[in-house]
Amino acid sequence: MIHRIALFLLFCSLCGLAQSKPPFNFEDMMQLKRIGEPSVSPDGKWVGFAAVDVSLDENTRKPHLWIVPLNGGEARRLTPPTGAGEDRIRFSPDGKHVMFESPRDGGASQIWVQDFDSVGGALTGEARKVTGISTEASGGLWSPDGKSILFVSSVYPDCNDDACNKQRDEEQAKSKVKAKIFTRLMFRHWNHYFDGKYSHLFLVSVDGGVARDLTPGAHDVPPFSLGGQDQYSFSADGKEVAYTSNIDEVQANSTNSDIFIEPLVAGAYDISTYSAYRASFFGIGEPKKITTNPGSDSTPIYSPDGKYIAYRSQLRGGYESDRFRLMLYERATGKITDLTPNFDRWVDSMTWSPDSKTIYFTAENEGEAPIYKINVGDPKPWPQELVAGFNDSPTLTPDGKMLLFDRMSVMAPNEIYSASTQRPYCTYDFKGLAKLRPDAYTVPQCELSKAESLTKLNESVLSHVQMQPLENFWFTGAAKERVQGFVVKPPNFDANKRYPVKFLIHGGPEGAWGDDWSYRWNPELFAANGYVVIMINFHGSTGYGQKFIDAINGDWGGAPFHDLMLGLDYAEKTYPFVDKDRECALGASYGGYAINWIEGHTTRFKCLVSHDGMFNAESAYGTTEELWFNEWEFKGTPWTNREMYHKWSPHLSATNFKTPILVVHGQLDYRLDVSEGFQLFTTVQRLKIPSKMLYFPDEGHWVLKPQNSRLWYQTVNDWVDQWTKSALK
């Protein structure tokens, strides 16, 4: 009895200690280091990575290089915290050098190489700049023999050398005329106007010199991407590269990227020799396209034995949210095999095992992103879950025994983790064994490889603040299908109290909430000033199968809206600490659209926050750039299917608007033009609805600058406080 009392008192003291910690705040978040993907040294002793430092005073974000021993020990900086910064560390094949990119000489970002001491895990000597191209160099990859480097730079397709590119840029910068003439669509994209340049792959000797353009012409190699793995790679013997490109004539309504292979030979730096070799190899002097799928084919990765190229593929053209499948191209025969024909999840980042028998990849599943493994040689391969959690960027040690990856949760941003590639096996009785399915997306906890943290760069900040775990719930949503929701409780939570609610709606719309970290929409930060945060993965969300995703197509204000309302109903009835009379709904992108739709279809909320939301479906079509998105989601154009655009356009319900609303938009947002925000604000002002607009002249679809981010959180939280906390009874 005395022992139990002592344990109880210890537990209570620990609870009191946790409760005494201050809530997480914006300044805490800006102190966190933003860790990139791991890179393993060839001897398997070290893991290198970049970590971004944020300076609120300087309004900057700068990456620097770090290293951690694989067998345990403290992570430490490889490069000083001062200077211009360094990013994307890659070890040379012999382990004697590292490559990184940096603007450290005061100019454009370039590829640098520095000697590496594998015994002490330190950089030695002075860094040497390998590239000097005026149009910047990024995305460097070592050739397998370590003698050359592949990189990306955006250039004018009609320029034959860098002097031409430099002269063209200087002329444009000096010109008093800033007008542009457009002759094609995609004249602006995401947050910038088309400047006549295209991204190309270049090859340069590690000793420097003139870089050779491997992909000349008016096409991007690789295509525009918001992140993820490289869209190009070397073959194991270094004689070939594979890359991704979209060569369709009209880029604005095409998602049809393909995989191409390009030969490399000794002497390729001589353009006459190189061109002749290409002509003899392919017969037509052009790279070889190895995919014919009308949808997106991307992320080619050669197997270590040289037999295959693995890549991701979407079968349906024009649909950016079709299922990503894992495909296998056999180089000797050209045969293409779908390795995941029935695996109803999106294959994301991936890596080969050193013996070329297994592919490891991440895939979203019900709020997590586990690591799966699939055996290439199986006649009917099925991915098996290996590591649970929300993971990304898996890579392997040279012996194939250990996975390295980055992991996050709602309570902590990325850190580098490791896990064994060998799955443990549970001991079951007959009844337990009968419940296991060979095609399951999850396996029992006892069959998962245990992840261990290699880095703890953010522990010093997070250990001194209160963070609450993500809790999930399931309810019956639209079409009587199961839908998942999540709750984050406030600091110093008291189950006997009732709390106001921040109801967050995710964007995409084919995206999802989960146990992951965000700097732009951070649930912990929203909960920190005394709120319950509720999030719903409505129809259209990823991680629940492609049918669930496709349900939103042509039904933007239908099933998703019902899911949101039913999920909130469920939370109100299930959790007594939820104060249904003090709720505010917030969303961005599609979430902003959903807020605008909510404005005209319910008055249950005390306030709304609409960030970068579509307001007028017809005008949004005419001012966006990726037309495939609107044409797929609304099943045509405004002149071929006007009824659909009208049916789901929030602006046509303006006579029902009543709820106070904060409108947020950025001038440089070309996915959803700032005019959408202006139209919404004009409408609610004319209707004399309490409203405010936060306008950023220097931000695009996302608010990225540190001081702008601080203003965003302050303005949004103050708005919600104004309408919910003033409603206290």
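**A guided tour of the predicted chain**

Buried residues (under 20% relative accessible area with a 1.4 Å probe, protein chains only; exposed means over 50%, and partly exposed lies in between) make up 56% of the 729 residues in the protein chain. This is a predicted model, in which local features need pLDDT of at least 70 and side-chain atom pairs count only at pLDDT 80 or more, while totals for chains, interfaces and linings use all residues. Residues are numbered from 1 along each chain as its sequence is written, and side-chain values use heavy atoms, with hydrogens and water left out.

**The whole chain**

Along the principal axes, its C-alpha atoms fill a box of roughly 80 × 75 × 55 Å.

**The nonpolar cores**

Next, select Phe24, Met29, Phe503, Phe526, Ile534, Trp556 and Trp712, the residues with the most contacts inside the largest nonpolar core, which has 99 residues. Such a core is a set of buried Ala, Val, Leu, Ile, Met, Phe, Trp, Tyr and Cys residues joined through side-chain atoms within 4.5 Å. Helix 10 (residues 590–599) gives the most to this core, with 6 residues. Apart from this core lies another, of 17 residues, among them Ala310, Ile374, Val376 and Tyr441.

Now centre the view on Phe526. Leaving aside neighbours within four places in sequence, its contacts (heavy atoms within 4.5 Å) include Lys502, Trp521, Leu586, Trp712 and Asn717.

Two strands pair if DSSP finds at least two bridges between them; strand 6 and strand 7 (residues 97–102) have 3.

Finally, select the open sheet with the order 10-11-14-15, also of 4 strands with antiparallel pairing. Strand 10 (138–142) and strand 15 (212–213) each have a single partner strand, so one side of each is left without a neighbour in the sheet. Strand 11 (residues 148–155) and strand 14 (residues 198–205) pair over 8 bridges, and the bridge partner of Ser154 in strand 14 is Ser199.

Technical notes: Helices (H or I, at least four residues) and strands (E, at least two) are DSSP runs, numbered from the N terminus.
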